[in-house]
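Please look over the sequence and the model below before reading on.

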Amino acid sequence: MKDKTVLFVDDEMSILNTIKRLLRNEEYTLLIASSAQEGLEILHQHQIDLVISDMRMPNVSGSEFLAMVKDQYPKVQRMIMSGYADLESVVETINQGNISHFISKPWDNDDLKKLILDHLVNRRSLESDGIQESKEILKYKKIILEQQQTINDLQNQLEQYRVHKDVS
């Protein structure tokens, strides 16, 4: 799973340092950003699989940031963290499809690790399912093309039979 990358965005360096310590030995790459702008720059430079953003940040809120991520990088999974029960903002973010999960601060370390890992594993499963579907589609397209060629050959034989019958 070393090919997976998680981006954490939070304006509080103490939170980012805690996250770095907590996830330093995990099987994926961890990147951090201290603002929405920095997060967008990282997204532009790296292949990111999952973004976890704080809800309350100066200039651009986590909800606004994740809406931008959704628009610019729709395949990237998105989660939001908040220590504040701003239910209206969270519901709005969820309803807009900008996040798949809400994480409350303070979080449980084991739960957070499991949540991230589950999302990355599910994404890998979806990607491999997509590859498998593509292979299946190609297989069926080949069968259809072969059947179409058989139909064309039979139509040609039928046409030649009719022409030969009319001539006789």
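Is Ser53 buried or exposed, and what is its relative accessible area? Ser53 is buried, since its relative accessible area is 0%, where buried means under 20% relative accessible area, exposed means over 50% and partly exposed covers what lies in between, all with a 1.4 Å probe and protein chains only. The structure is a predicted model, in which local features need pLDDT of at least 70 and side-chain atom pairs count only at pLDDT 80 or more, while totals for chains, interfaces and linings use all residues. Residues are numbered from 1 along each chain as its sequence is written, and side-chain values use heavy atoms, with hydrogens and water left out.

The chain has 5 helices and 5 strands, the helices being DSSP runs of H or I with at least four residues and the strands runs of E with at least two, numbered from the N terminus. Followed along the sequence, these elements give the pattern β-α-β-α-β-α-β-α-β-α. Of the 168 residues in the chain, 33% are buried. Among contacts between residues at least 6 apart in sequence, 67% join residues at least 24 apart, a contact meaning heavy atoms within 4.5 Å.

Ser53 itself belongs to strand 3 (residues 50-54). When neighbours within four places in sequence are left aside, Ser53 is in contact with Val9, Gly62, Phe65, Leu66, Met79, Ile80 and Met81. Phe8, in turn, is found in strand 1 (residues 5-9) and counts as buried because its relative accessibility is 2%. With neighbours within four places again set aside, the contacts of Phe8 are Leu16, Ile19, Leu23, Leu30, Leu31, Ile32, Ala33, Ile52, Met81, Leu112 and Ile116. Phe8 and Ser35, which are 27 residues apart in sequence, have C-alpha atoms 9.8 Å apart in space.

In helix 2 (residues 36-45), the buried residues are Ala36, Gly39, Leu40, Ile42 and Leu43. They cover an arc of only 160 degrees around the axis, and therefore lie on the same side of helix 2. What covers these buried residues includes strand 1, strand 2 (29-33), strand 3 and helix 3, whereas the face turned away from the buried side carries the exposed residues His44 and Gln45. In helix 3 (residues 62-72), Gly62, Ser63, Phe65, Leu66 and Val69 are buried. Down the axis of helix 3, these buried residues fall within an arc of 160 degrees, so they line one face of the helix.

How do these two helices meet? Two packed helices are described by the angle between their axes and the distance between the axes. The axes of helix 2 and helix 3 come within 10 Å and cross at roughly 20 degrees, with axes taken as lines fitted to C-alpha atoms, for helices over the stretch in contact, and angles running from 0 to 180 degrees between N-to-C directions. Helix 2 is therefore roughly parallel to helix 3, as angles under 35 degrees count as roughly parallel. The contact is made by Ala36, Gly39, Leu40 and Leu43 of helix 2 and by Phe65, Met68, Val69 and Gln72 of helix 3. These residues divide into 6 nonpolar, 2 polar and no charged, with Ala, Val, Leu, Ile, Met, Phe, Trp, Tyr, Cys and Pro counted as nonpolar, Asp, Glu, Lys and Arg as charged, and the others, Gly among them, as polar.

The loop between strand 3 and helix 3 holds Arg56 and Asn59. Arg56 is partly exposed, with a relative accessible area of 44%, and its C-alpha atom is separated by 8.8 Å from that of Gly83, 27 residues apart along the chain. Asn59 is exposed, at a relative accessible area of 80%. Most residues other than glycine have a negative phi. Asn59, although not a glycine, has a positive phi of about 70 degrees.

Not counting residues up to four places away in sequence, His119 touches Leu50, Gln77, Met79 and Ser100.

Conventions:
The arc is that of the directions from the helix axis to the C-beta atoms. Angles under 35 degrees count as roughly parallel, over 145 as roughly antiparallel, 65 to 115 as roughly perpendicular and the rest as oblique.
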